[in-house]
Amino acid sequence: MLKKRVWFVMLTVLAGTVCLSVAQPVFSTSPPLPSPEATTFPRAKMDESERKFKHSVVTKTVEQITWPMNSWIKKPGVEEDTLIFGILSKTDSSAGALFEDIEKFKYHDKKIQAVLLTDIDYRLKEMHAIYVGKDFQKKMPQIMKEIGKNPVLLLGENAKFLDQGGMIRFVKRGNKYRSESDGKRIISHGLRAEPWYLKLTKAN
């Protein structure tokens, strides 16, 4: 009698396990955003107050941009209502500092998730915004080709960044940072920027 009860319990547990396995939800087959190999950036040459001010300028700038509704569709490996901010660099210390800090900020009421990108691949199209490090500046034509006309905001600091396809460039004047923008390029990628911001930051 005892043996029969033991077998009954075991079969019940197995049946429950099978049912649980069958009931698992089916997710999108799109690949999640993978974590790249570990990258150690040289320490950024800026004190904490300068660093904090610069990164607040970056996030306040991003707040002036509006993405189309379909760009907020949940992606595998990313929380819902999250702005995906890519850092494309291997050696740029400024990019490394931004990668460490960007998740401390928010895009309005949405979280910001930093993704380190060390190569030009399909993941670029999955980003809402990409900060292009100085070490990838010469590869702007490849970057532009990869993102196509997708609503991806490109940010950087190099002097020729806007001339090479960038959308917003950060400029240091003394110990302050400001931004310059190419409004036509921003709009051509399906993004919308506040008119006052475009007027104030229009590049010469």
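These notebook entries record what I looked up in a predicted model of one protein chain.

**Entry 1: Ground rules**

I number residues from 1 along each chain as its sequence is written, and side-chain values use heavy atoms, with hydrogens and water left out. Because the model is predicted, local features need pLDDT of at least 70 and side-chain atom pairs count only at pLDDT 80 or more, whereas totals for chains, interfaces and linings use all residues.

**Entry 2: The whole chain**

I began with the secondary structure and found six helices and nine strands. Helices (H or I, at least four residues) and strands (E, at least two) are DSSP runs, numbered from the N terminus. The chain has 204 residues, of which 44% are buried. Buried means under 20% relative accessible area, exposed means over 50%, and partly exposed lies in between (1.4 Å probe, protein chains only). The exposed surface comes to about 12400 Å², with 59% of it supplied by carbon and sulfur atoms. These areas come from the Shrake-Rupley method with a 1.4 Å probe, and for residues only the protein chains shown count as cover. I then looked at contacts (heavy atoms within 4.5 Å). Of those between residues at least 6 apart in sequence, 62% join residues at least 24 apart.

**Entry 3: Helix α4**

Which residues of helix α4 are buried? In this helix, residues 140–147, I noted M140, I143 and I147 as buried. They line one face of the helix, because they fall within an arc of 60° when seen down the axis of α4. The arc is that of the directions from the helix axis to the C-beta atoms. An α-helix has 3.6 residues a turn, so residues three or four places apart point the same way. On the other side of α4, I found P141 and K145 exposed. The cover over the buried residues of α4 includes β2 (82–88), β5 (129–132) and β6 (153–156). Just after the helix, I recorded a positive phi of about 55° at G148.

**Entry 4: L98 in helix α3**

I next located L98 in helix α3, residues 93–101. L98 counts as buried, since its relative accessibility is 2%. What does L98 touch, not counting residues up to four places away in sequence? I listed H55, V58, F85, I87 and Y131. One of these, V58, is 40 residues from L98 in sequence, yet the C-alpha to C-alpha distance is 9.1 Å.

**Entry 5: Strand β4 and its partners**

Strand β4 (residues 110–117) is mostly covered, with six of its eight residues buried. Two strands pair if DSSP finds at least two bridges between them. Do β2 and β4 run parallel or antiparallel? I found them parallel, joined by seven bridges. Here F85 stands opposite A114 in β4; F85 is also among the residues that L98 touches. Strand β3 (residues 106–107) runs antiparallel to β4, and two bridges join them. In that pairing K106 stands opposite K111 in β4. The hairpin of β3 and β4 has two residues between the strands, and H108 takes a positive phi near 55° there.

**Entry 6: Salt bridges**

How many salt bridges does the structure hold? I recorded 11. A salt bridge is a side-chain nitrogen of Lys or Arg within 4 Å of a carboxyl oxygen of Asp or Glu.

I examined E79 and K111, whose closest N and O atoms are 2.9 Å apart. This pair links distant parts of the chain, 32 residues apart: E79 is in the loop between β1 (65–66) and β2, and K111 is in strand β4. E79 is partly exposed, with a relative accessible area of 48%, and K111 is partly exposed too, at 45%.

I then examined the salt bridge of E146 and K125, which is 2.8 Å from N to O. E146 lies in helix α4 and K125 in the loop between β4 and β5, so the pair ties together parts 21 residues apart in sequence. E146 is partly exposed, with a relative accessible area of 24%; K125 counts as partly exposed at 36%.

Finally, I noted a salt bridge between E180 and R178, with the closest N and O atoms 3.5 Å apart. Salt bridges that share partners join R169, R173, R178 and E180 into one network. E180 is buried, with a relative accessible area of 11%, while R178 counts as partly exposed at 30%.
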